[in-house]
2 protein chains.
Amino acid sequence: MINMSKIKRVVIVGGTHGNEITGIYLVKKFERSPHLIQRSSFEALTLLGNPQAYAIGKRYVDTDLNRCFLPEDLENPNLTSYETQRAKIIYQTFSSQGSQPADFVIDLHSSTANMGLTIILASQHQFNLQLAAYLASINPKVKILYSRSRNQERPHLDSICEFGCTVEVGAIAQGILDAGLFQETEEIVHAILDYLAAYNQGNPPPRKDKLSVYQSIQTIDYPRNESGEIEAMIHPQLQFRDYQPLHPGEPIFLTFDGKEIVYEGDSVVYPVFINEAAYYEKGIAMCITEIINQNLVQDEG
Amino acid sequence: MINMSKIKRVVIVGGTHGNEITGIYLVKKFERSPHLIQRSSFEALTLLGNPQAYAIGKRYVDTDLNRCFLPEDLENPNLTSYETQRAKIIYQTFSSQGSQPADFVIDLHSSTANMGLTIILASQHQFNLQLAAYLASINPKVKILYSRSRNQERPHLDSICEFGCTVEVGAIAQGILDAGLFQETEEIVHAILDYLAAYNQGNPPPRKDKLSVYQSIQTIDYPRNESGEIEAMIHPQLQFRDYQPLHPGEPIFLTFDGKEIVYEGDSVVYPVFINEAAYYEKGIAMCITEIINQNLVQDEG
């Protein structure tokens with residue numbers, strides 16, 4: 001057992017991006033039926049992350065809310081856009097110094113990439129790793145991703161707590177619901193809550209002692225011309241093949257004139273977030289990951 | 001041969017909806033390489049339908065441009081939103097009374113529904129039907145759709161010409177390119193242009209003398225509560241099954257609590273535009289069609 005105190009408050013966030021409506025409709029469901037997320041040993045709250053963006057059917061109003069949580073930005077009084085202010089409110093409410101400090105955050109997202117059921121860890125704390133190992137053990141579709149290397153600050157909403165994760169499901173278009181993915185996302189939320197309840201009782205469920213984690217090592221942008229316009233698309237052989245091995249020399253892009261562009265790395269990698277709609281403007285055609293086999297601290301019983 | 005004059009000018013439109021970028025990038029490609037769309041007997045022009053909506057990554061700025069082409073709206077000086085003005089400009093340019101009258105319009109769209117390669121006919125003129133029969137004969141993936149009944153005015157951009165069609169490809173998320181769909185859309189544009197060139201030479205290519213057309217007969221909205229909020233999702237058994245037969249009693253929706261809602265019609269129908277993202281706000285979960293077997297006028301040789 002990891003030596004830490006109990007989980008007293010969990011916050012479940014949907015709509016950090018206003019057009020990823022799976023999480024929004026799950027939060028609405030939990031608000032109608034709060035008993036679904038209550039467990040005897042902790043309080044569970046819900047939050048609609050970016051209500052203005054949801055109202056206009058966009059990812060964000062002014063700037064991406066899920067990049068607004070760096071400590072220096074939260075403390076910067078000169079940042080006054082809608083999302084930077086919203087981030088400050090969320091932080092001032094749910095962070096450890098907040099008015100309703102949360103011990104664990106679940107942030108629900110979706111992607112146009114074929115992310116399946118991805119758990120993005122908010123930190124590499126053993127507590128998060130052990131939860132991830134549990135989720136992967138009960139559902140083989142679950143993939144575990146670190147989006148940042150160990151020493152980088154994360155600007156994501158889930159960084160308001162040391163413990164927590166982002167749930168990233170796909171492939172699904174922005175602005176729609178997919179009943180199957182909705183149900184699978186809900187099952188993951190319940191599995192997390194059940195795990196936290198069992199942890200609080202000193203009895204976390206069994207799990208494997210090793211965990212394969214996909215760690216992001218770089219991003220690859222689309223080929224672009226001098227004006228910044230893209231000159232190629234994701235290659236059909238790569239489309240929807242998130243988490244599949246990509247070998248050096250295999251095609252990753254196809255130009256509008258039909259020319260193939262190959263991956264020029266020198267080892268096998270595992271691309272994720274392939275053709276995510278929201279990342280065209282961020283200069284990201286895909287994120288390249290490698291697999292890390294993570295050993296877990298064992299419970300002492 | 002139908003007794004009508006030759007096609008002298010074709011206009012190819014992309015981005016009538018600013019977040020359907022397949023057509024936008026095809027138009028950009030044709031603008032870089034205009035020889036691709038030139039044929040000796042007619043002029044081919046390109047048009048970016050809604051550049052402001054493309055700039056902000058949305059379907060539209062103020063209102064759906066593809067619902068702005070009713071004659072009474074085009075003549076109404078009180079309609080001054082961006083899209084109603086844009087519609088007037090497009091009409092004043094390319095309609096038969098315009099400054100550069102077009103004889104044929106191709107309007108390129110995409111859908112989050114599994115529309116495959118759909119040709120939506122601008123009118124049921126024999127010329128359009130014969131072109132459709134040709135496209136269906138060279139590619140079995142092509143489906144032919146009438147979106148309106150015979151006596152209704154169509155508010156769509158392609159109604160600026162008597163001859164023309166909307167090309168609706170999917171399933172694809174808004175805001176992304178799919179290389180396979182991009183290439184298939186381009187092949188359809190080339191097939192249309194080649195057909196028009198052959199027609200101009202008095203030598204339209206052979207085609208079947210019967211054509212199956214899917215005619216829209218009604219739309220079905222999501223179940224909604226008193227506030228207008230949806231209470232169910234497309235049923236997993238129906239998702240992506242556009243153009244497949246739907247029998248009375250088969251499930252079409254699944255509520256957020258997991259209850260099935262079945263189709264209550266009394267005959268087999270063929271739903272299309274199932275789970276189109278842009279139609280949530282229009283109150284359309286799917287369009288119900290029936291198949292009409294259309295006899296074609298034969299060439300007299």
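**Close-up views of a predicted two-chain model**

**View 1. Salt bridge between B:Asp257 and A:Lys29****.** B:Asp257 forms a salt bridge with A:Lys29, with the closest N and O atoms 4.0 Å apart. The pair joins two chains, because B:Asp257 lies in the loop between strand 9 (251–255) and strand 10 (260–262) of chain B and A:Lys29 in helix 1 (residues 21–32) of chain A. B:Asp257 is exposed, at a relative accessible area of 53%, whereas A:Lys29 counts as buried, at 6%. The model shown is predicted.

**View 2. Salt bridge between B:Arg39 and B:Asp194****.** The closest N and O atoms of this pair are 2.8 Å apart. B:Arg39 sits in the loop between helix 1 and strand 2 of chain B and B:Asp194 in helix 6 (residues 179–200) of chain B, so the contact ties together parts that are 155 residues apart in sequence. B:Arg39 is buried, with a relative accessible area of 17%; B:Asp194 is partly exposed, with 38%.

**View 3. Strands 1 and 2 of chain B****.** Strand 1 (residues 9–14) and strand 2 (residues 43–48) of chain B pair in the parallel sense over six bridges. B:Gly14 stands opposite B:Leu48 in strand 2 of chain B. With helix 1 (residues 21–32) of chain B, the two strands make a right-handed β-α-β unit.

**View 4. The rotation axis relating chains A and B****.** Of the residues of chain B, B:Ala173 comes closest to the axis, its C-alpha lying at 2.2 Å. The copies meet through the same surface, because 100% of the interface residues of chain B are also interface residues in chain A.

Definitions and conventions: Residues numbered from 1 in each chain as written. Chains lettered and ligands numbered in written order. Predicted model: local features only at pLDDT ≥ 70, side-chain atom pairs only at ≥ 80, totals over all residues. Heavy atoms only, no water. Least-squares fit on C-alpha atoms with pLDDT ≥ 70 in both. Contact = heavy atoms within 4.5 Å. Pairing = 2+ DSSP bridges. Helix = DSSP H or I, 4+ residues; strand = E, 2+ residues; numbered from the N terminus. Right-handed = clockwise from strand over helix to strand, strands pointing away. Salt bridge = Lys/Arg side-chain N within 4 Å of Asp/Glu carboxyl O. Buried < 20%, exposed > 50% of the residue type's maximum accessible area, 1.4 Å probe, protein only.
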